[in-house]
Each structure stands twice: as structure tokens, then as C-alpha cells.
Amino acid sequence: SQVTTVITPKGRKREKVEEDLAIVTPTTSYDDEKKVKFQKLNESNEDHWSIAMSIFTKFEPGLGHDGVGLYGTPTPASARKVLERLSVSGCTHIDIGAADGKMMLGAMALGAERSFGIELAGNCLVTKFNAMKAKLANAIGRHDLDTTLACDTDIINLSPEGVHQWIAHVFGRDPGNNIVLSAVWHGFTIDAKKSFAACHCKC
């Protein structure tokens, strides 16, 4: 809203004052426009996040981890906190120990450019993830969702040279340079932890 001082000159002089007020009193400022754009982005992410978590919930218990929390998949609140701390929007997100892809769905909902997941368990989880991915793509209108889960893959057998080599080896892709990593640490063996730490230090 705009605040102006009431001036009541007569005739043509009054019209001139009103014209001057219109010129020097903008309806919105640049900062206002930035705030509106940021608010719309947050609202969009909020909607997309809710949709992604709703889709994941509908596929539970099904294949993959049972339950949520310490020894299941992350709760929606925990998953979102991790992904927001990583600032995944516009980045390549890589999830090590991806299970059935909850973190990957969340990353795409929050604006990640692409997401790769590596999981030790069998390929049945890929079927589940691809079904959830298709539903999310239709729901949010991003039919080019660039997110892929690779199962039956043990990170201790991958090159210790860094995450670029991991993604090239597993997916035949270049993840680019704007990369964020997440991992389910509690499920790792000692060797897996060493492999992940060595790779992470070279990112």
C-alpha cells in the first residue's frame, strides 16, 4: 500500500500535483519484487515437498526399509532438515545408501537439478523408486526429472578417486561441479565408511 499526503489545490494545479505523485510514488519496489519471488519459490517448494512425502508414504511399508527414524528411512522432518542444510536447489544431489530413494525424491522436490542414488540392496528397490519418480513428475509437472537409483552397488568396490569417478562408473554420467552429498551413515560397515570418507575428501 502507498501513503501520500492529502493536497487539495484546485483546477489544473491539482491535476499536476496528482501526476507528480503518480510519477514519484512507485507501486512496488525492487526489494518487494524480490520478496514476492522468494515467497512464491518457497510456496512452490513447500507444495512439492508435501507431494513428494505423500507419494513416498503411499508406497510404505512395501519394499525397502520398514518404519521411520533411527533404523528406518529418515522422517520427513529429518530428511528436509538435511537437504535444506545442503542447499540442494540447483545442485547435483548424490545419496549414498539411498535405500528406496526418499532423500532423492525430497531433493528433486526442493529444486535439485539432478539426483543420483547408490544402494547396496537388490534391484527390486529400483522398480519402487521409478514408480514414485513417475508419480512425482506428473504431480509437479517436471516430466524431465533427472534422478536415477542404482542398486546392488557396494561403494567399497568403487574407485577412491572421488565422487565424479563413482558417478561415471555407476551411471556413465558426469555429475558436474555443483555437488552435494548425503549418506545413511549408520548402515555402513567400517570399510564402507572408509571408502565414503576417502571419496568425500576428494570432492
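Helices (H or I, at least four residues) and strands (E, at least two) are DSSP runs, numbered from the N terminus. With that in hand, look at α4, which is followed by Gly111, a residue with a positive phi near 100°. What you see is a predicted model, where local features need pLDDT of at least 70, side-chain atom pairs count only at pLDDT 80 or more, and totals for chains, interfaces and linings use all residues. Residues are numbered from 1 along each chain as its sequence is written, and side-chain values use heavy atoms, with hydrogens and water left out.

**The enclosed helix**
- Eight of the eight residues of α4 are buried (under 20% relative accessible area, with exposed being over 50% and partly exposed in between, using a 1.4 Å probe and protein chains only).
- So α4 is largely enclosed by the rest of the structure.
- Its buried residues include Lys102, Gly106 and Met108.

**The nonpolar cores**
- A nonpolar core is a set of buried Ala, Val, Leu, Ile, Met, Phe, Trp, Tyr and Cys residues joined through side-chain atoms within 4.5 Å.
- The largest one has 29 residues, and Leu83, Leu105, Leu136 and Leu149 touch the most other members.
- At least two residues of this core come from each of α2 (30–58), α3 (76–86), α4 (102–109) and α5 (124–140).
- The top contributor is α5, which gives seven residues.
- Leaving aside residues up to four places away in sequence, Leu105 is in contact (heavy atoms within 4.5 Å) with Ala52, Phe56, Phe129, Met132, Lys133 and Leu136.
- There's also a second, separate core of 16 residues, with Ile94, Ile155, Phe196 and Cys199 among them.

**Aromatic rings**
- Two aromatic pairs turn up (ring centres of Phe, Tyr or Trp, the latter by its six-membered ring, within 6.5 Å; planes under 30 degrees apart are stacked, over 60 edge-to-face, the rest tilted).
- Phe116 and Phe171 have ring centres 4.9 Å apart and planes at 40°, so this pair is tilted.
- Phe116 sits in strand β2 (residues 114–118) and Phe171 in helix α6 (residues 163–171), so the pair ties together parts 55 residues apart in sequence.
- Both Phe116 and Phe171 are buried.
- Phe188 and Phe196 make an edge-to-face pair, 6.0 Å centre to centre with 70° between the planes.

**Cysteines**
- The model has zero disulfides (pairs of cysteine sulfur atoms within 2.5 Å).
- The sulfur of Cys151 is 7.1 Å from the closest cysteine sulfur, in Cys124, which is too far for a bond.
- Cys151 counts as buried, at 7% relative accessibility.
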